[in-house]
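The following note sets out points for a colleague who is examining this entry.

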Amino acid sequence: MTVIDPSPRQAERLGPLDELDTPEPLEALFGDPADPGNPVGHQAFVDADERGDFLPAGRKTLESFGIGAEFVPRALGGRLGQADDLARVLRTVFRHDGALALGLGAINLIASSTVWAAGDAGQRRWLASVLLDNHPTAGAITELAHGDDLSRTRLRATEREGGVVLDGRKEVINNVARAHAVTVLARTSEEPGSRSHTLFLVDPAAVPRERMRFLPRYRTSGMRGTHLGGVEFLDCPLPASAAVGGYGDAMETILRCFQVTKSVASGAALGMVDTMLRTVVDFGTQRRLYGRSVTELPYVEAELADVFTDLLICDAMTTTACRALHVLPRQTSVYAAATKYLVPEIEQHAADRLALVLGARSFLREGPHAAFQKHFRDLPVAALAHSGATVCLATIIPQLPRLARRSWFTSSAPEPALFQLGRPLPDLDFGQLEANAGPDDQIVATLLDVGQDRVTDPTLRTLCGRLVDELRILRDGWRALAPRNRTPFAGPVGFELAERYAVVLAASACLGVWWHNQDHPNPFMRDTAWVVSALDRLTVRLGHEPLPQAQSATRQVFAELLSRHAEHRAFDLIGRRLH
Amino acid sequence: MATSAPAPGTRIVDREEIRSKLLSLVASYLEQPVTDIQSDVKLVEYGLDSIFALTLCGDVEDEYGIEVKSTLAWDHPTVDAITDHLYDTLTAEA
Amino acid sequence: MRHSAYRVAEEFDHLLGDPRDAGRLFSHARSLVLDEREEFPLEICRELDLLGLPAHYVPVAHGGAMRAFEDTLQIMRGIARRDLTVAIAHGKTFLGAASVWVAGDPRQSRDLGAEVLRGTPVSWGLTEREHGSDLLAGEVCAERTADGYRVTGEKWLINNATRGDLVCVLARTAPEGGSRGFSVLMIDKRGLGPGSFRTLPAARLHGIRGADISGVAFTGAEVGRSALIGAEGDGLEIVLKSLQLTRILCAALSLGALDQALDMATGYALARHNHGTPLVGLPQSRRLLARSYADLLTAEALTVFAARALHTLPGELSTVSAVTKFLVPTLAEQALGRLSRLVGTRSLLLGDTFEHGRFQKVLRDHRIVGIFDGSSVINLNSLVNQFPLLARAHRRGEVDEAGLHAAAGLADRLPELDPGRLELLPRRGSSVLHAVPAAVAELRSLAAAGEVPASLARRAVELAEVVDEVIEQIGRHKPVPVAAPARSFGLAENYARCFAAAAALQLWLRNRSAVDSAATHGLWESGLWLECTLTTLLRRLRPTRTEHLVAGGGEDPEAVVDQLVEPLLAQHAAGQLPSLLPYSRLGALV
């Protein structure tokens with residue numbers, strides 16, 4: 001076993017709200033993406049994508065940063081402590097290149113989280129050493145024929161002669177042929193149901209090669225640089241010690257761990273929209289149409305301000321979901337799935353509108369705005385790479401009736417640390433997570449706590465009033481909803497009501513983040529404009545007319561967007577300088 | 001579903017009552033007559049998948065005012081099995 | 001009744017053979033390989049030339065075969081069903097030629113007609129690198145010389161700029177520019193002096209990767225006087241009128257794209273199982289499919305109406321074309337998004353795993369339709385500029401009864417297309433919207449007679465209310481040059497939705513007794529498709545509040561849409577593509 005070297009990769013992390021003029025260490029390694037001479041700039045990533053490969057210099061950058069350590073719990077010598085910190089590190093990579101961020105980043109979390117949650121000490125130490133050496137890992141969980149329906153997994157593991165034999169295949173698996181460690185979901189009983197599956201941790205170097213073969217690469221319309229492959233095990237022997245956790249435990253482990261991966265992945269992917277918005281603001285401030293600059297057209301101003309607001313909403317929702325893994329671990333089954341549904345939905349819509357503003361250049365794979373086009377084609381792949389919208393909604397639908405019955409208007413508000421961006425939290429504890437949510441929806445309770453009892457601004461009060469009414473209608477609606485609408489056979493109304501819950505959840509997260517960060521160094525984040533805009537946009541999603549009073553807030557949001565753009569600051573809740 | 005959690009301790013535990021409560025719960029989710037649901041058939045055979053099975057635990061907790069493992073219906077995959085498990089838990093408590 | 005435009009399109013498509021047969025020139029396999037290699041579909045375009053497609057770009061009056069615009073449009077939709085790259089690459093010739101059909105003299109029109117029939121590609125050079133849609137900022141200039149013009153400057157992101165032997169160019173003929181400072185020149189690159197022009201490399205694109213979207217730079221290129229189309233200074237007007245034709249033709253691209261995707265998704269939903277049930281049996285998946293079909297039917301009805309209105313209501317086309325070019329691609333884009341949610345991972349995979357990777361190609365290809373030849377933003381802005389006229393005309397409420405009747409009645413004979421009658425502004429407003437109250441009354445009496453469900457009549461009544469609200473808001477709009485307020489764009493979107501609903505209403509009423517109800521699998525009977533169109537458009541016009549959804553244990557405001565699944569599956573089983581009117585699968589004949 002490798003002796004774990006605690007330094008030099010364990011640089012102290014900058015507090016999220018500290019020294020906002022100093023770029024994050026990883027962001028600093030990437031430098032100015034618009035500089036055509038930058039070996040890890042936008043042009044270099046666009047070129048690598050055209051070749052269908054990772055950019056070697058990009059990989060080197062991540063290695064020199066020690067990206068693997070980000071996925072290893074601190075107790076095992078890595079830097080994984082807080083989920084929102086990890087999401088921000090990965091967001092930096094997504095800002096530059098989705099393929100790298102997914103293939104050398106987020107995938108490691110999918111591969112490793114089950115081992116941190118359920119593996120034995122030896123497995124955890126070994127996987128930690130693989131990641132600390134920056135070797136790629138893979139999670140061979142899904143099969144193409146069954147998609148997200150994991151209980152129908154066909155790959156079999158059979159106990160034989162004191163060991164285990166794997167037989168079957170996994171398709172569309174990121175990095176599988178390059179991985180130094182692979183977690184494999186296998187069927188260990190023919191019984192239908194959720195106790196028939198077991199996870200195995202495979203060291204590809206230790207199995208007989210003739211018993212394991214790799215399938216040809218799958219190619220996708222975006223993220224062309226990722227290496228999606230497949231693996232086929234042909235009666236492949238493994239030691240009995242390869243099982244991760246107990247036999248039959250896999251579905252439960254995965255349901256818990258995927259709360260972490262969904263929350264972190266949603267927060268990370270925002271980096272792509274950050275870059276898309278930045279590219280369009282670049283274009284809009286430089287280009288002249290009809291005798292003025294494009295950003296001076298009222299339509300464009302409104303569209304860009306709305307996209308910036310969308311990014312703040314998504315960051316509030318994902319950051320809260322990530323921090324809830326620490327603060328409200330019994331509730332995150334619902335939070336993670338609602339986030340993984342709503343955030344990609346908002347992102348795609350934002351990307352579509354940005355494309356209209358950018359016009360023909362949104363369609364070009366070359367030229368000064370090619371980074372937009374690249375992120376635009378990568379975004380849907382990232383959204384689908386891990387649990388699509390339907391499966392996320394199907395996860396929360398059966399859980400909402402109970403929240404309606406037991407929690408909404410009853411649960412009390414969470415401890416403020418949930419929302420306080422600068423407040424450190426205890427390290428992530430996978431053992432605390434529950435496969436389904438308890439009846440204590442504290443994030444939504446924030447809507448009543450802050451929205452009803454504390455807010456004084458009249459516009460904000462009106463918006464909060466609308467949202468509280470929505471919650472009441474949802475509560476009564478979910479209580480009265482026909483039982484079938486609470487099952488996998490739910491009709492469209494069940495889905496739509498689940499979507500609307502996600503919107504109310506997002507609004508609650510925005511309010512909580514706004515209220516509990518009144519010590520934010522940027523006065524814009526303390527002021528009401530962004531949260532008014534955010535709540536206005538969210539209530540429009542619920543079928544309300546936009547509030548006329550919210551229009552002046554939109555102008556403030558736009559002014560902040562232009563100043564952050566000019567100062568190279570992130571379009572998120574923190575607003576740190578990028579370079 | 002009616003939620004009438006009696007005060008703990010005063011409850012008289014009846015196995016058949018638990019079974020019939022569970023059967024009508026499952027029938028209502030499937031929108032099928034309760035007579036079509038068999039207590040010895042696995043819930044998954046009725047199409048009630050892993051996620052749904054998890055929510056049964058919430059219903060049971062609310063109904064009986066006790067805490068059960070969220071994977072109750074995974075480990076006890078038929079109405080009969082859940083009935084037995086609940087009966088044991090409730091009698092031990094009483 | 002077999003609608004002639006659909007029959008003509010089907011006959012043309014049949015000549016191309018079954019695209020699943022890799023031995024055919026225009027096969028799916030070839031399209032996908034060309035796309036991946038970014039190779040121009042030269043052989044396929046040549047095949048289309050040999051099969052006589054160019055004749056459909058030339059009006060009968062100029063020696064071609066184009067009698068009804070909708071025939072050309074439906075043929076183009078058929079090509080787009082196979083491959084958008086090919087449809088855009090070949091169909092560009094019509095766009096390049098349109099200015100001549102609008103304003104050319106008889107000799108120019110005859111000469112161009114002959115060129116097009118020979119298969120000469122014609123390109124249309126409007127946009128420039130720094131000015132995009134802002135045509136009046138164009139810098140390409142044409143100075144007058146003794147016997148013509150000397151052209152200098154660069155046109156960029158021009159479809160077929162390199163391949164096109166002829167390029168129809170908008171050039172500045174008065175240094176000060178302005179609405180009368182531009183002219184249209186049909187430049188024959190083959191006749192230009194050496195060194196007086198060069199083509200620019202094709203741009204690398206997200207979709208339609210094989211297309212020749214390039215540019216051309218002129219440096220003192222000398223062209224004769226005969227190159228001038230219309231009068232000097234008429235350029236902007238000619239271009240805006242030509243766009244009325246081409247923007248409607250663009251709808252064919254969106255319909256073809258959505259036809260393909262819906263057909264693939266239907267096959268997938270039948271074959272794929274989840275929770276032990278085929279996807280098509282799961283309520284949410286059914287809804288995704290049905291909702292997408294409703295969008296297709298809405299887009300198709302609007303397109304059919306618009307293509308016929310070109311003949312019968314030419315004075316209203318500035319509105320019709322802007323509505324069509326905004327709404328059809330937008331509906332298609334929405335539906336494509338829903339269908340990719342249904343299809344999941346496979347919707348993004350290249351290669352043989354799913355339909356040769358055609359799904360991801362159509363998703364990428366279709367993106368261009370909402371951008372080129374006037375983006376959605378441009379078309380909405382054009383509607384905003386028409387608001388004052390539209391509101392005033394609506395209050396007068398005149399209806400061109402004959403024109404409206406012939407635009408909607410598929411059995412009516414169309415008058416010959418006369419681009420000379422197109423107008424820049426809709427002086428008389430939109431007949432189809434003015435006729436909403438009468439159409440609603442007609443539908444209500446049908447409901448009273450039990451011929452259509454009462455729910456359909458209720459939807460129609462709701463539409464009439466919404467039309468009044470929208471017109472009222474439009475009337476209050478204060479015109480602001482260039483800087484139209486952001487909210488007015490939303491209003492223009494709503495105007496377009498009202499227009500589409502009104503067109504659907506007319507189309508159903510005028511054809512309901514003539515359409516063969518067995519051959520359309522119940523789509524037309526009792527107004528099913530119309531009710532679905534009205535329901536889905538009204539949901540965007542009047543968003544549903546949560547309280548309506550939860551009423552009575554969960555009220556589904558779009559429940560009627562699910563009834564579309566049955567005709568969709570019946571069409572699929574009968575070897576047809578999903579469509580308002582019967583249309584057989586690619587390469588086959590009914």
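1. How many residues of domain 2 of chain C are in contact with domain 3 of chain C, and how many does domain 3 contribute? In this predicted model, nine residues of domain 2 of chain C meet eight residues of domain 3 of chain C. On the side of domain 2 of chain C that touches domain 3 of chain C, six residues are nonpolar, three are polar and none is charged. The centres of these two domains, taken over C-alpha atoms, are separated by 35 Å. The assignment divides chain C into domain 1 (4-121), domain 2 (123-229) and domain 3 (238-573).

2. The unreviewed entry lists "domain: Acyl-CoA dehydrogenase/oxidase C-terminal" at residues 233-383 of chain C. That span is 74% helix and 3% strand, and its end C-alpha atoms lie 24 Å apart.

3. For chain A, the domain assignment gives domain 1 (25-135) and domain 2 (139-248). Taken over C-alpha atoms, the centres of domain 1 of chain A and domain 2 of chain A are 23 Å apart. Their contact draws 20 residues from domain 1 of chain A and 15 residues from domain 2 of chain A. On the domain 1 side, α2 (42-51), α5 (98-118) and α6 (121-132) of chain A are the elements giving two or more residues. The largest share of that side, 10 residues, is supplied by α5(A). By class, the side of domain 1 of chain A that touches domain 2 of chain A has 11 nonpolar, seven polar and two charged residues.

4. UniProt, in an unreviewed entry, places "domain: Acyl-CoA oxidase/dehydrogenase middle" at residues 140-236 of chain A. Over this span the chain is 0% helix and 48% strand, with end C-alpha atoms 15 Å apart.

5. The overall form of chain A may be summarised as follows. Its secondary structure comprises 18 helices and 10 strands. Along the principal axes, the C-alpha trace of chain A spans about 75 × 60 × 40 Å. The radius of gyration of chain A is 23 Å, which agrees with a compact globule, because 579 residues in such a globule would give a value near 25 Å. Of the 579 residues of chain A, 64% count as buried. Among contacts in chain A with a separation of 6 or more, 77% join residues 24 or more positions apart.

6. The interface of chain B with chain A takes 23 residues from chain B and 24 residues from chain A. On the chain B side, α1 (15-30), α2 (50-64) and α3 (72-75) each supply at least two residues. Nine residues, the largest share of that side, come from α2(B). By class, the side of chain B that touches chain A has 10 nonpolar, seven polar and six charged residues. For chain B, UniProt lists "domain: Carrier" (unreviewed entry) at residues 13-90. This span is 60% helix and 0% strand, and its end C-alpha atoms lie 7 Å apart.

7. The largest nonpolar core holds 438 residues, of which A:Phe200, A:Ala506, A:Cys510, C:Val151 and C:Leu185 touch the most other members. Helix α7 (residues 235-271) of chain C gives the most to this core, with 20 residues. Beyond residues up to four places away in sequence, the contacts of A:Phe200 include A:Ala157, A:Val164, A:Leu166, A:Leu238 and A:Val244. In soluble globular proteins, nonpolar side chains tend to be buried together.

8. Is C:Arg286 buried or exposed? C:Arg286 counts as buried because 21 C-beta neighbours lie inside 10 Å, the threshold being 20 or more. The residue belongs to helix α8 (residues 283-312) of chain C. Leaving aside neighbours within four places in sequence, C:Arg286 is in contact with C:Val280, C:Asp562 and C:Val565. The C-alpha atoms of C:Arg286 and C:Leu157 are separated by 40 Å, and the two residues are 129 residues apart along the chain.

Terms used: Residues numbered from 1 in each chain as written. Chains lettered and ligands numbered in written order. Predicted model: local features only at pLDDT ≥ 70, side-chain atom pairs only at ≥ 80, totals over all residues. Contact = placed C-beta atoms within 7 Å. Helix = DSSP H or I, 4+ residues; strand = E, 2+ residues; numbered from the N terminus. Nonpolar A, V, L, I, M, F, W, Y, C, P; charged D, E, K, R; others polar. UniProt positions renumbered as here; feature names shortened; annotations may be inferred. Core = buried A, V, L, I, M, F, W, Y, C linked by C-beta atoms within 7 Å. Buried ≥ 20, exposed ≤ 12 C-beta atoms within 10 Å, placed from the backbone. Domains from an automatic or database assignment. Rg over C-alpha atoms; globule rule 2.2 N^0.38 Å.
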